[in-house]
Amino acid sequence: MEQLLLTIDVKCLDAVSVEGHSQTVVMVPFTGKAKGDFFNGKIIGSSVDTQRYKNDGTNSLSARYMIEGVDFEGKKCKIFVENNVSGDSWKPSIVTDSEVLKDWETSALRSTVEGCEGGVTVKIFKA
C-alpha cells in the first residue's frame, strides 16, 4: 500500500522563457512549504521548474528544489527533491541528511501534481 510522504504547497513566481529554433524553454521559479507525518519545512534557496517544449511535439518537465525543516524526531534536516516527468507520470528522487528518512533515497517513489490558485500541490508517495 502506498504511503503519503510529503505534501508540498508550491507558489509559482514570474516565469521566464526563450523560444529557440527547435524548442521553447520555460523556467518557473517557486517557493513553498512541505508538510506531512514525517517531515515539515519550507523551500529554501533557488528552486525552478524547467519545461521544454520541442517543435516535434515532445516535451520534458523537471523541478528541482531544497527543503529545510524537521523530521518526525524533531531533528533539523534538509531534503533535495528532483521531480521529473516519466511518460505520463511524475518520478521524484530524494536526497536527505536525515538519518530517519534516509530510506527515501532508495525507495520507489511517485508523485502527483495538481494545479491550485497561484501554483501547484505536489504529493510524494512511497510504494
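Modeller: Gladly! Let's start with a cut-off: a residue is called buried when its relative accessible area is under 20%, exposed when over 50%, and partly exposed in between. Keep in mind that this is a predicted model.

Colleague: Why is serine 62 called buried?

Modeller: Serine 62 has a relative accessibility of 11%. Buried means under 20%, so serine 62 counts as buried. You will find serine 62 in strand β5.

Colleague: What makes the link between the side chains of serine 62 and asparagine 84 a polar contact?

Modeller: The two side chains come to 2.7 Å. A polar contact needs a pair of N or O atoms within 3.5 Å, one able to donate a hydrogen and the other to accept it, so the pair of serine 62 and asparagine 84 qualifies. Setting aside neighbours within four places in sequence, serine 62 is in contact with Val48, Asp49, Thr50, Glu82, Asn83 and Asn84.

Colleague: How do you know whether leucine 6 is buried or exposed?

Modeller: Its relative accessibility is 0%. The limit for buried is under 20%, so leucine 6 is buried.

Colleague: Which residues does leucine 6 touch, leaving aside its neighbours within four places in sequence?

Modeller: Leucine 6 is in contact with Ala34, Lys35, Phe39, Trp104, Val122, Lys123 and Ile124. Take valine 122: leucine 6 and valine 122 are 116 residues apart in sequence, yet their C-alpha atoms are 8.0 Å apart in space.

Colleague: Why do you say that β1 pairs with β9?

Modeller: Pairing takes at least two bridges. Eight bridges join β1 to β9, so these strands pair, and they run antiparallel. In this pairing, glutamine 3 stands opposite lysine 126 of β9. Strand β1 is also joined to β3, antiparallel again, by six bridges. There, aspartate 9 has lysine 33 as its bridge partner.

Colleague: Why is arginine 110 called partly exposed?

Modeller: Arginine 110 has 34% relative accessibility. That label covers values between the 20% and 50% limits, so arginine 110 counts as partly exposed. This residue is found in strand β8.

Colleague: How do you know that arginine 110 and glutamate 2 make a polar contact?

Modeller: Their side chains come to 2.5 Å, and the limit is within 3.5 Å, so the contact between arginine 110 and glutamate 2 counts.

Colleague: One last topic: the largest pocket. How much space lies in it?

Modeller: About 200 Å³. The lining has 14 residues, and the closest to the pocket's centre are Asp49, Ala63, Trp90, Val113 and Val120. The largest share of the lining, three residues, comes from β5.

Colleague: What is the make-up of that lining by class?

Modeller: Eleven residues are nonpolar, two are polar and one is charged.

Note on methods. Residues numbered from 1 in each chain as written. Predicted model: local features only at pLDDT ≥ 70, side-chain atom pairs only at ≥ 80, totals over all residues. Heavy atoms only, no water. 1 Å grid on protein atoms, 1.4 Å probe; cavity = no way out; pocket = protein on both sides within 12 Å on 5 of 7 lines; lining within 4 Å. Points joined across faces, edges and corners; volume = space filled by probe spheres on them. Helix = DSSP H or I, 4+ residues; strand = E, 2+ residues; numbered from the N terminus. Nonpolar A, V, L, I, M, F, W, Y, C, P; charged D, E, K, R; others polar. Buried < 20%, exposed > 50% of the residue type's maximum accessible area, 1.4 Å probe, protein only. Contact = heavy atoms within 4.5 Å.
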